[in-house]
Amino acid sequence: MRPSEAGRLHVIAGPMFAGKTEELLRRVHRAELAGLRVEVFGHRLDDRGGQDRLSTHIGRTVPARMLQNAQELRDAVTGERPDLVAIDEAQFFGPSIVEAVEEILVAGILVEVAGLCVTYDGGPFEPIPSLMAQAEEVVKLTAVCTVCGADAAFHIRLLDSDADALQATAEQIGGTELYQARCRAHR
Ligand SMILES: [Zn+2]
């Protein structure tokens, strides 16, 4: 039988603080070493790296095109015809990214998607679960529970009062988060 001409979908999913972007960029780096033409996309709502880069919590950065919606993704890929399309924070694109990704796959392009699969109250966070259902490979990453250190498949949003208290201390230690990674017992 002839090998399929269609692309493959790989999804890197997990809660916040699980290293999803780090894993995505590790794969981008490997593909570039292998000589593949790679296009990296993020969403404008993610401004950790500014408007033309993706960056991770531990400081790795790569040039990226920051888009606003799934249509911009379609347009960008149609023009470039890369071997690999990497998309970070895919949950920001909303449900219409599922169809856009399918079109890219049908065109024979490998797609690596990273994104949040769970909301801060523990429910499925579409569109990532839908993409996971259609993927050839799913990597589910966990973070570290801020209470006990166990594997954390969830993150919680701190209450405003907690956040205010954290803000007060954070001004001394530099940096604060409104969210924390939590294990099943501490969510
Ligand atoms: Zn815990």
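Guide: Begin at the residue G35, which follows helix α1 and has a positive phi, near 85°. Helices (H or I, at least four residues) and strands (E, at least two) are DSSP runs, numbered from the N terminus. This is a predicted model, in which local features need pLDDT of at least 70 and side-chain atom pairs count only at pLDDT 80 or more, while totals for chains, interfaces and linings use all residues. Residues are numbered from 1 along each chain as its sequence is written, and side-chain values use heavy atoms, with hydrogens and water left out.

Visitor: How many residues does α1 have?

Guide: Helix α1 has 14 residues, 20-33, and reaches 20 Å from its first C-alpha to its last. That is close to the 20 Å expected at 1.5 Å a residue, the expected span being 1.5 Å times one less than the number of residues. Its buried residues (under 20% relative accessible area; exposed is over 50%, partly exposed in between, with a 1.4 Å probe and protein chains only) include L24, L25, V28 and A31.

Visitor: Which residues of helix α3 are buried?

Guide: An α-helix has 3.6 residues a turn, so residues three or four places apart point the same way. In α3 (residues 97-106), the buried residues are I97, V98, A100, V101, I104 and L105. They lie on the same side of α3 because they cover an arc of only 165° around the axis, taken from the directions from the helix axis to the C-beta atoms. The face turned away from that buried side carries the exposed residues E99 and V106. After α3 comes G108, whose phi is positive, near 90°.

Visitor: Against which elements do the buried residues of α3 pack?

Guide: They pack against β1 (9-14), α2 (70-80), β6 (84-87), β7 (110-116) and α4 (128-134), where contact means heavy atoms within 4.5 Å.

Visitor: Which residues touch the most other members of the largest nonpolar core?

Guide: In soluble globular proteins, nonpolar side chains tend to be buried together. A nonpolar core is a set of buried Ala, Val, Leu, Ile, Met, Phe, Trp, Tyr and Cys residues joined through side-chain atoms within 4.5 Å. The largest one has 27 residues, and L73, I87, I97 and L131 touch the most other members. Two or more residues each come from β1, α2, β6, α3, β7 and α4, and α3 gives the most, with 6 residues. Leaving out residues up to four places away in sequence, L73 touches F41, L67, I87, I97, A100 and I104. A second, separate core of 22 residues includes V38, M66, L84 and L141.

Visitor: What are the protein donors of the zinc ion?

Guide: Donors are N, O and S atoms within 2.8 Å of the metal (3.2 Å for Na, K and Ca); water is not among the atoms, so sites may look incomplete. Here C145 (SG), C148 (SG), C183 (SG) and H186 (ND1) lie 2.1 to 2.4 Å from the zinc ion, and the donors follow the spacing C-x2-C-x34-C-x2-H along the chain.

Visitor: Why is the arrangement around the zinc ion tetrahedral?

Guide: Four donors count as tetrahedral if all angles lie between 85 and 135 degrees; four count as square planar and six as octahedral if opposite donors are over 155 degrees apart and all others between 65 and 115; anything else is irregular. The arrangement is tetrahedral because the 4 donor atoms subtend angles of 99 to 114°. C183 is buried, at 6% relative accessible area, whereas H186 is partly exposed, at 30%.
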